[in-house]
Amino acid sequence: MVDIESKAHQTVPPAEVDEVELYHATSFWTKYVFSQDAKIIAIQYSCVAIGIGLVALVLSSLIRLQLGFPDMFDFITAETYYQFVTMHGMIMVVYLLTALFLGGFGNYLIPLMVGARDMVFPYVNMLSFWIYFLAVIVLVASFFVPGGPTGAGWTLYPPQAILSGTPGGTGLGIILMLLSLALFIVGFTMGGLNYVITVLQGRTRGMTMMRLPLTIWGIFTATVLALLAFPALLVATIMMLFDRLLGTSFFMPSLVEFGEQLSYGGGSPILFQHLFWFFGHPEVYIVALPAFGIVSDLISTHARKNIFGYRMMVWAIVGIGALSFIVWAHHMYVSGMHPYFGFFFATTTLIIAVPTALKVYNWVLTLWNGNIHLTTPMLFSLGFLVTFLNGGLTGLFLGNVIVDIPLSDTMFVVAHFHMVMGVAPIMVIMGAIYHWYPKMTGRMLDEQMGKIHFWVTFVGSYLIFFPMHYVGLVGVPRRYPELGDSAFIPESVATLNSFISVAAFVVGFAQVLFIYNLISSLRNGQLAGHNPWRATTLEWQTPQTPPGHGNFDELPLVYRWPYDYSVPGAPEDFLAQNDPGQGPVK
Amino acid sequence: MGVAIAIVVVVVGSVLFHLFSPWWWTPIATNWVFMDDMISLTFWITGVVYVAVLLFVAYCVFKFQYREGRIAAYEPENNKLEGWLTVLTSLGVAALLAPGLVVWFQFVNVPEEATEIEVVGQQWSWSYRLPGLDGKLGTADNRLISVDNTLGINPDDPNGQDDIIIDGDDLHFALGKPVKMLLRSVDVLHDYYVPEFRAKMDMVPGMITYFWIEPTRVGTFDVLCAELCGVGHGFMRGTVLIDSEEDYALWLSEQITFAQMLEQRDVKVASAVKP
Amino acid sequence: MTVVLIFLMGVLGTSLWWLKHQSLTSKPWLETGLDNIENGTASVGLSKSKMGLIVFLAVVGMLFTLFFSGHFMRQEIEDWRSMPLPPVVWINGILLLAASIYLQAALIIARKQNRDLSYLSPIYRRLIFLRGDESSDASIKHLLLYTCVLTTAFLIGQFVAWKTVANDGFVLSGNPANSFFYVLTGLHALHILGGLIALFQTTAISWNYPESEKLLSRIDLSALYWHFLFFIWCIMIFVMLGWTYDPLIELCQRVIA
């Protein structure tokens, strides 16, 4: 039974949110460089993150050159190989994914989607970006110092990270790495406070927590996790800097390096691992939760159907966030920690699989009985579903302590985390860029190019990482620049490695098309209009596209949840959140 | 249509790859067959989920693709369905976890009759120490390491005098005799990794870690390091052999003890000084 | 890591308690309109900046908790040699406590916007060095100034403490107990320094624009920050004196080591 009431909505009182005093920039410098507008900051964050991400992409190609065609390139030695691996990992996890999801999408979408004029502390927000930028500069600088960047692996495990057997260990490499991380954390904390407080205190009238789009739920929860998890990394970096520079022994036991007794003594390398992974595991969800949120909105919008089980999705995000703090030691099953920890952490790890699986079911069930538009964002969402499901399921191998023992530190692990934390979130990032680019620039990205980009990226990435699991199953350890002479590794693994490398180059090259699309569509893209995807959330209801300073003329009032797609009896197949027209009697 | 087919191709391709892949684990040489079984079990359970979910996605994409005039259903939630899915998932997870924890319990509890072997890792080589006739290893400390005592064995500990030192040579195991591997590192983190053993564990300076195995197959196997330990990580290799009991006894009789090693050195030094 | 988990449980508990009041079990698709919903706007009855500070303090709390937990894990190993704290830290503690009290007094006066201070009992006035005939504006000025002076004295005192222990041979790279002493007190001093810079600004505002709306909010935030850092300082001293050996921590150390 459907009944559209025409209740007089002119009686609705105006917004009760206090109008905030906005900072009005006047010069070019304050408008576009030292900008305090979250949208500009978002674009700055995104450009720097994508820029440094491309560096990491080039590094990954160099890694694959060595693995696919060992001994063919003289400039890749074991030393440079480890430097490439380390910098690739660190850049991708911290400086690209974290910065892009929270600094980029968070800054752009939070104020718009909750109906605020800007972040609550715009000045701090600006500082956040510039400190991040400084962190990136320091990171890049480490490529140019004597000895080069650190080659300790992105986990930076002591003692080797600060000893001479590791590239950059006794030079400036590791120092710059640690400084850069510390800067990143300080900058991020400034931004993170903004994201959290804006969601808590900046919502417009009618925007209850349960009317927030899942994108905001994901970014919000991820930010809370990051605020609580990054201090662990900060503590670890401070202690390691002291060990390296001032001769303390926080992480350094008494040891003999190449026959020479060092003056360290009594420190605990395991303490570092606990601190690192206490940050490191929530970090996985800091990247995953925004992706979960965004992909929910993409699927719902492009399938013209409400997200299935909204409440369950919110609970799952919160639950996964809380649980993610008590699973960290599943990265340390073979670290030599007390073996009885294995029981606890295997159990918590597998429990976290349940809410995660529910999210997957709900995305899939959203497709059921939908009206699926196979746009580029939708294709990327489907790509995310496939790769995330794959990576999530292999997580069940590695989370189960006894299965992890034979597989840990093999290429299986590399394949697993690239699938679940590399390819899957990047699918979402791509989809999100195709989805929101029209709002950010006023023009559509080229769909034809977008589809080619999708197919090459998706199929290519799958061909890289799916077979890689089997390289690990054979027993090939990770972080080996070449296979060497080992009886247990058949010749054919080298062939497979070459194949994977070729696939990797194709995928890497396909990103040129994407960058070209981003740049050329600025000028040549089809005009988007204010709501090209006919979406319900507030960012699509702004009077100007791209939204002007202050986002809205008058702050919007929110009358409904963000998923009123295909409401029976409604005049169109979507009802915007600020549309006062009554929904059906349900 | 094309997208649905592509997803089906991914699913079928993955399954076929799995079934016909020539890349599989090396034949096991220890008692940890359970680990292989657990991997197989996990493959089965996760494989079924993977195939089922993706085929469902493919069907949805095929069936509910945009058509002029189609209206999507309005279906905010379905508690019953979600409840069932939660229960099923929990059951699947429990089916993986429960046997896994049982095997883990066996893994961390070393059988009484296991003999001890100490493995010492350093950048970038492996050394070993076996308890002598007394069946006990002497104490050791990184502080005691010197040119003459590369493993840092305590020269004042009577238990250590008859310890057998294997420095820069292969280690042998006796078939069917359970062994507790005590792992020690001189400098940085290492990980004693023999793919055929399945079991492995990090070596942490300042700590002694362990795992245990029971060799079940005669053969020669590669030792690798599985925890990044500096530029030489990829070249930190060795060889171990699993021998029949007679061969093992023969090999053992040819090894020298810590006391003999110190003596030999003294003799060498003395003869070098005399002329 | 047990202390960290206890701290986290506190933070997560607070968040979940708050979330509970966000009608998480409601069915948002059934509720249309503006009026039949609760918590429509800013749902925490605090200003944005106060909320911001509280979240920031949670982060700082996490940072210190992690250091404490590192301290606990380390002090279990037998080569740990507890370091005697120099007596000057007790004076510093009193200085910081006094600064905190002064700031609180300034806050109380700033909140009551009336001109005369007769509501303050004479003893209390004597205690915080206020003359009887002062206006509230003047007393806020003075109280803020006292706080600045006391806090600066605290920082100098901490520096003296460092000098004292260094002269006694407890250098940074010596026993890990020393390393922890320097790092923890240094980190704490850095936080105090950051707060002090903001407090100088606040003091300047109180002299130049005593009527400014910002003043009350700034005093409010500073007071909270000072109380928090005093609290952290107390815990820090407790931890460094090794007074925290209770069964719970022992248990945690046994499990973690």
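C:Leu229 lies in helix H7 of chain C, in a model that is predicted. With 25 C-beta neighbours inside 10 Å, C:Leu229 counts as buried, because the cut-off is 20 or more.

**Chain C: overall make-up**

- Chain C contains 8 helices and 0 strands.
- In sequence order, the pattern of chain C reads α-α-α-α-α-α-α-α.
- Chain C has 257 residues, of which 35% count as buried.
- Of the contacts in chain C between residues at least 6 apart in sequence, 79% join residues at least 24 apart.

- Leaving aside neighbours within four places in sequence, C:Leu229 is in contact with C:His188, C:His191, C:Ile192 and C:Gly195.
- The C-alpha atoms of C:Leu229 and C:Leu96 lie 8.8 Å apart in space, while the two residues are 133 residues apart in sequence.
- C:Val239 also has its place in helix H7, which spans residues 213-240 of chain C.
- C:Val239 counts as buried, because 21 C-beta neighbours lie inside 10 Å.
- From C-alpha to C-alpha, C:Val239 and C:Phe72 are 8.2 Å apart, with a separation of 167 residues in sequence.

**Chain A: helices H12 and H13**

- In chain A, the axes of helix H12 (residues 411-441) and helix H13 (residues 447-474) come within 8 Å and cross at roughly 170°.
- H12(A) is therefore roughly antiparallel to H13(A), since angles over 145 degrees count as such.
- H12(A) makes this contact through A:Met411, A:Phe412, A:Val413, A:Val414, A:Ala415, A:His418, A:Met419, A:Val423 and A:Tyr434.
- From H13(A), the residues of the contact are A:Gly450, A:Ser461, A:Phe465, A:Met468, A:His469, A:Val471, A:Gly472 and A:Leu473.
- By class, the contact of H12(A) with H13(A) comprises 12 nonpolar and 5 polar residues and no charged ones.

**Contact between chains A and B**

- Between these chains, 94 residues of chain A are in contact with 82 residues of chain B.
- Helix H9 (residues 341-367) of chain A gives the most to the side of chain A that touches chain B, contributing 13 residues.
- That side of chain A is made up of 61 nonpolar, 24 polar and 9 charged residues.

**Chain B: the five-stranded sheet**

- Chain B holds an open sheet of 5 strands in the order E3-E2-E1-E5-E8, with mixed pairing.
- Strand E3 (164-167) and strand E8 (209-213) of chain B stand at the edges; each has a single partner strand, so one side of each is left without a neighbour in the sheet.
- On average, and with direction ignored, neighbouring strands of this sheet are turned by 25° against each other.
- Strand E2 (residues 125-130) of chain B pairs with E3(B) in the antiparallel sense over 4 bridges.
- B:Tyr128 stands opposite B:Ile166, which belongs to E3(B).

**Chain B: two domains**

- Chain B is divided into domain 1 (2-65 + 78-108) and domain 2 (115-273).
- The C-alpha centres of domain 1 and domain 2 of chain B lie 40 Å apart.
- In chain B, 8 residues of domain 1 are in contact with 13 residues of domain 2.
- The side of domain 1 of chain B that touches domain 2 of chain B has 5 nonpolar and 3 polar residues, and no charged residues.

Key: Residues numbered from 1 in each chain as written. Chains lettered and ligands numbered in written order. Predicted model: local features only at pLDDT ≥ 70, side-chain atom pairs only at ≥ 80, totals over all residues. Helix = DSSP H or I, 4+ residues; strand = E, 2+ residues; numbered from the N terminus. Buried ≥ 20, exposed ≤ 12 C-beta atoms within 10 Å, placed from the backbone. Contact = placed C-beta atoms within 7 Å. Nonpolar A, V, L, I, M, F, W, Y, C, P; charged D, E, K, R; others polar. Pairing = 2+ DSSP bridges. Axes fitted to C-alpha atoms, helices over the stretch in contact; angles between N-to-C directions. Parallel < 35°, antiparallel > 145°, perpendicular 65-115°, else oblique. Domains from an automatic or database assignment.
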